[in-house]
Amino acid sequence: MIIKSLEPPILMQQTEALSRRLSPHHSKKAEVNESARRLRAGYNGEKSLDFHLRFLQDDAFHILHNIRIPDENDFFQMDNLINSRQLILINEVKNISGTVIYDEFGQAIRIRENGKEENMGNHLEQVNLQHSRLLRLMRNYNLPPIPIEKLITYSNPNTIIKNITNNKSVANMVIHKEQLLTRISDFARKHHAVCYTDEQLQRLSDLLIALHTPKQVNILEKFHVMCEQIQYGVICPDCGALPMIYSGAKWNCAPCGATSKVAYLDALQDLCLLFGGEVSIRQIMQFLRLDGRYITYRLMKKAGFERLGDNKGSRYILKF
Ligand SMILES: [Zn+2]
């Protein structure tokens, strides 16, 4: 069963919001767009794994997506954790297109179409480190020993993976997603002894959920973009132009003539992703390009956002 489902990562949503709101001439535009594209491809790759994971016997496996756990060395993150009464599987998901070559040290090198080589990091060391950090955490919380297995799963079926030195660890750990279920069955056969009761398995899942801490990123700082370089306004859902103008109780797009009653909700979500979830009425007015406080209050009330304080300094909590 899915204990923690796969959600669109906040960092991806923030990067996409920034990409939408930088002018085409901004010096960071290409870098932000490329980053947004990569994050989206990674997310889609993980989503495509869900199809395979759905075939796992429901109550025997606890599946957790994107877990980020604090420890004495900051945080460690795992794409995919599949827990059962016999074993734990750490599954690192990779979405890399083209050809990936693993050298004798487990270093992954991507060969681009133009022949250029790109170092993708040492995936084996990455999962080995996750393994030792998870193990330490489980010892700290007095969870009984249980075998831990690791896989590096490529979500793009077109990726060509080459293990040029026949490194045994690479052969054992690096797979395409189509092999995932077979590998999980192999692990279950290898570790047939039951180590955890149902209660202990549940305790492990509950602990990981309780410790999970999503990463908070100031996306403007990350890309060194100034607040005043962000394009304000409601974006037209039909043609992408901005700003839509609010009049006659609806949002109107001058270039294409489209109208909408709710287009401002997407703009408020962008405001939240770029500037944080607690904003002043003045910030909202500016971002939506509204002229009056009264109409801003009314639109916020209609959308049902929580308001803190009654006076001019009141703030809103933006939650999506
Ligand atoms: Zn339009």
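This note sets out numbered points on the structure shown above.

1. Basis of the model. The model is predicted: local features need pLDDT of at least 70, side-chain atom pairs count only at pLDDT 80 or more, and totals for chains, interfaces and linings use all residues. Residues are numbered from 1 along each chain as its sequence is written.

2. Domains. The protein is divided into domain 1 (2–211) and domain 2 (232–317); such bounds come from an automatic or database domain assignment. The C-alpha centres of domain 1 and domain 2 lie 38 Å apart. Contact between the two involves 6 residues of domain 1 and 4 residues of domain 2, where two residues are in contact if their C-beta atoms, placed from the backbone, lie within 7 Å. The side of domain 1 that touches domain 2 has 2 nonpolar, 2 polar and 2 charged residues. In this scheme Ala, Val, Leu, Ile, Met, Phe, Trp, Tyr, Cys and Pro count as nonpolar, Asp, Glu, Lys and Arg as charged, and the others, Gly among them, as polar.

3. The largest core. A nonpolar core is a set of buried Ala, Val, Leu, Ile, Met, Phe, Trp, Tyr and Cys residues joined through C-beta atoms within 7 Å. A residue is buried if 20 or more other C-beta atoms lie within 10 Å of its own, exposed if 12 or fewer, and partly exposed in between, with C-beta atoms placed from the backbone. The largest nonpolar core has 30 residues, and those with the most contacts inside it are Val234, Tyr264, Ala267 and Leu288. Helix 8 (263–275) is one of the helices that each supply at least two residues of this core, and helix 8 gives the most, with 7 residues. Helices (H or I, at least four residues) and strands (E, at least two) are DSSP runs, numbered from the N terminus. Domain 1 and domain 2 both give residues to this core, so it lies between them.

4. Alanine 267 and a second core. Leaving aside neighbours within four places in sequence, alanine 267 is in contact with Val234, Ile235, Phe287 and Leu288. A second, separate core of 29 residues includes Ile67, Ala108, Ile146 and Val170.

5. An open sheet is formed by 3 strands in the order 14-16-15, with antiparallel pairing; two strands pair if DSSP finds at least two bridges between them. Strand 14 (278–280) and strand 15 (306–308) stand at the edges, each with a single partner strand, so one side of each is left without a neighbour in the sheet. Strand 15 and strand 16 (residues 315–317) pair over 3 bridges, and leucine 308 stands opposite arginine 315 in strand 16. Helix 9 (residues 281–288) packs on the sheet, touching strand 14 and strand 16, and its direction makes about 80 degrees with that of strand 14. Axes are lines fitted to C-alpha atoms, for helices over the stretch in contact, and angles run from 0 to 180 degrees between N-to-C directions.

6. Two hairpins. Strand 2 (residues 62–71) and strand 3 (residues 74–83) run antiparallel, joined by 9 bridges, and form a hairpin with 2 residues between them. The bridge partner of isoleucine 67 in strand 3 is methionine 78. Strand 3 is in turn joined to strand 4 (residues 88–94) by 4 bridges, through a hairpin of 4 residues.

7. Phenylalanine 105. This residue lies in the loop between strand 5 (99–102) and strand 6 (107–111). Phenylalanine 105 counts as exposed because it has 11 C-beta neighbours inside 10 Å.
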